[in-house]
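I am opening the notebook on a two-part question: how is one chain built, and how does it meet its partner? The entries below follow the order in which I looked things up.

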Amino acid sequence: MISILKKARWSPYAVGTGIGVLSWVTFALMNKALGVSTTMVRAAGAVEALVSEAHIRSNSYFVKYLGTLDEPYPVFEWQFSLVVMLVLGAFCAALLSSTHVREVVPDLWKSRFGPSKWVRFVGAFLAGIVVIFGARLAGGCTSGHGISGGLQLAVSSWIFFICLFVSGIVTAWLLYGKGGQGHV
Amino acid sequence: MFEHFFANPSTILMGGVTGFLFGFLLQKGGVTRYNVIVGQFLLKDFTVLKIMLTAVIVGSVGIYGMRALGLDVNLHVKTTALLGNALGGLIFGAGMAVLGYCPGTAVAAIGEGSRHAIPGVLGMFVGAGLFAESYPWIKTHILSVGNLGKVTFADLTGFSPWWFIAGLIIVAVYGLTTLERWEKNNQS
């Protein structure tokens with residue numbers, strides 16, 4: 001058992017099975033579906049509320065997830081707790097196999113955009129904006145749509161999943177081309 | 001709002017345990033690595049597809065299986081808004097290819113030590129705020145196009161979900177065994 005936990009990589013089929021079984025548990029015992037990106041909305045709303053709570057209480061999107069002034073919903077709920085604990089889960093998994101990384105600029109990025117830390121950080125920040133904008137427009141991310149929605153055979157999720165892959169492939173090839181394969 | 005900041009402790013505990021296990025699995029699967037995610041889009045490394053297809057199949061057999069056995073398991077289907085789902089997927093995929101992470105794997109990657117995942121997640125908070133601010137316009141002009149409600153392929157066609165699950169298993173088993181054979185030949 002310990003030797004399995006210490007192994008750096010597990011078979012993707014074992015990991016996929018684990019995530020599938022985890023979703024049985026969340027659906028059956030918690031009445032919840034795995035998801036991540038709604039938490040970014042709650043976090044953004046909580047930060048904006050520090051400046052003006054009246055503002056987020058009058059925005060129909062924040063009201064959906066955080067409620068109104070008279071009837072506020074908790075910020076730190078099931079999924080928020082899930083997202084926070086993703087960090088610890090991955091930290092412990094890497095600790096057991098001593099596979100922590102100190103990655104600042106990945107090789108592939110370096111080969112295309114140079115070694116600057118700040119270029120990568122700004123690129124990642126802007127891409128993060130784009131990723132969540134897309135997720136919220138579609139109604140979910142790789143977890144909520146891709147896995148939870150996919151397994152429920154939701155029409156919305158399969159459309160999202162296919163468009164994500166097509167767009168990801170096109171973007172990666174436009175950015176890095178065939179030569180990129182040598183860096184990953 | 002801050003007097004109502006936290007949900008009840010059992011909800012937080014259940015979410016936390018789920019997140020811990022999910023993060024653990026993502027790291028062991030290698031999908032907390034930038035290289036693995038971008039490698040998928042460059043069609044060099046198929047880890048992402050293998051994990052996702054396996055999770056979807058195992059999950060669907062379990063969820064629809066429990067429902068068939070009469071257990072009280074609710075579905076949580078998201079609304080189909082054809083333009084929003086498609087456009088969102090296209091935007092998301094482009095961002096994911098640049099970032100090298102999706103939201104869940106970016107957060108988990110911070111736990112694994114990837115420094116550049118941190119500005120990525122900060123960008124996500126900003127992106128969520130920008131979306132919320134533009135929501136009234138988006139709702140009227142984009143999310144109203146091709147809105148079919150919360151439907152599954154079974155609802156849409158009237159067929160049993162098991163036809164789709166069986167089809168998915170056949171396609172995935174055939175596709176993944178072909179892929180494994182191709183990967184083995186390419187290595188040697």
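**Conventions.** I am working with a predicted model, in which local features need pLDDT of at least 70, side-chain atom pairs count only at pLDDT 80 or more, and totals for chains, interfaces and linings use all residues. Residues are numbered from 1 along each chain as its sequence is written, while chains are lettered from A and ligands numbered from 1 in the order in which they are written.

**Confidence.** I looked up the scores before anything else. The model has ipTM 0.97 and pTM 0.97.

**Chain B, overall.** I listed the elements, taking helices (H or I, at least four residues) and strands (E, at least two) as DSSP runs numbered from the N terminus. Chain B has eight helices and two strands. Their order from the N terminus is α-α-α-β-α-α-α-β-α-α. The C-alpha trace of chain B spans about 55 × 45 × 40 Å along its principal axes.

I then checked burial. A residue is buried if 20 or more other C-beta atoms lie within 10 Å of its own, exposed if 12 or fewer, and partly exposed in between, with C-beta atoms placed from the backbone. Of the 188 residues in chain B, 51% are buried. For contacts I used C-beta atoms, placed from the backbone, that lie within 7 Å. Of the chain B contacts between residues at least 6 apart in sequence, 57% join residues at least 24 apart.

**Chain B against chain A.** How many residues of chain B are in contact with chain A? I find 113 residues of chain B in contact with 118 residues of chain A. The elements giving two or more residues to this side of chain B include helix 1 (9–29), helix 3 (47–68) and helix 8 (161–187) of chain B. By class, the side of chain B that touches chain A has 67 nonpolar, 39 polar and seven charged residues. Here Ala, Val, Leu, Ile, Met, Phe, Trp, Tyr, Cys and Pro count as nonpolar, Asp, Glu, Lys and Arg as charged, and the others, Gly among them, as polar.

I also looked at B:Phe5, which lies in the segment before helix 1 of chain B. B:Phe5 counts as partly exposed, with 13 C-beta neighbours inside 10 Å. Leaving aside neighbours within four places in sequence, B:Phe5 is in contact with A:Pro74, A:Val75 and A:Phe76.

**Helix 2 of chain A.** I compared its length with the expected span, 1.5 Å times one less than the number of residues. The 19 residues of helix 2 of chain A should span 27 Å, and the end C-alpha atoms are 26 Å apart, which agrees. Its buried residues include A:Pro12, A:Gly16, A:Leu22 and A:Phe27. What covers the buried residues of this helix includes helix 9 (142–151) of chain A, and helix 1 and helix 3 of chain B.

Just after helix 2 of chain A comes A:Asn31, with a positive phi of about 55°. A:Asn31 sits in the loop between helix 2 (12–30) and helix 3 of chain A. A:Asn31 is exposed, with 12 other C-beta atoms within 10 Å. Most residues other than glycine have a negative phi.

**Helix 3 and helix 8 of chain A.** The axes of helix 3 (residues 37–51) and helix 8 (residues 117–138) of chain A come within 10 Å and cross at roughly 110°. That makes helix 3 of chain A roughly perpendicular to helix 8 of chain A (65 to 115 degrees; under 35 is roughly parallel, over 145 roughly antiparallel, the rest oblique). Axes are lines fitted to C-alpha atoms, for helices over the stretch in contact, and angles run from 0 to 180 degrees between N-to-C directions. A:Ser37, A:Met40 and A:Val41 in helix 3 meet A:Ile132, A:Ala135 and A:Arg136 in helix 8 of chain A. This contact between helix 3 and helix 8 of chain A has four nonpolar, one polar and one charged residues.

**Around helix 3 of chain B.** B:Leu43 is in the loop between helix 2 and helix 3 of chain B. Its phi is positive, about 60°, although B:Leu43 is not a glycine. Helix 3 of chain B has 22 residues and reaches 31 Å from its first C-alpha to its last, close to the 32 Å expected. B:Gly70, with a positive phi near 90°, follows helix 3 of chain B.

How values were computed
Two residues are in contact if their C-beta atoms, placed from the backbone, lie within 7 Å.
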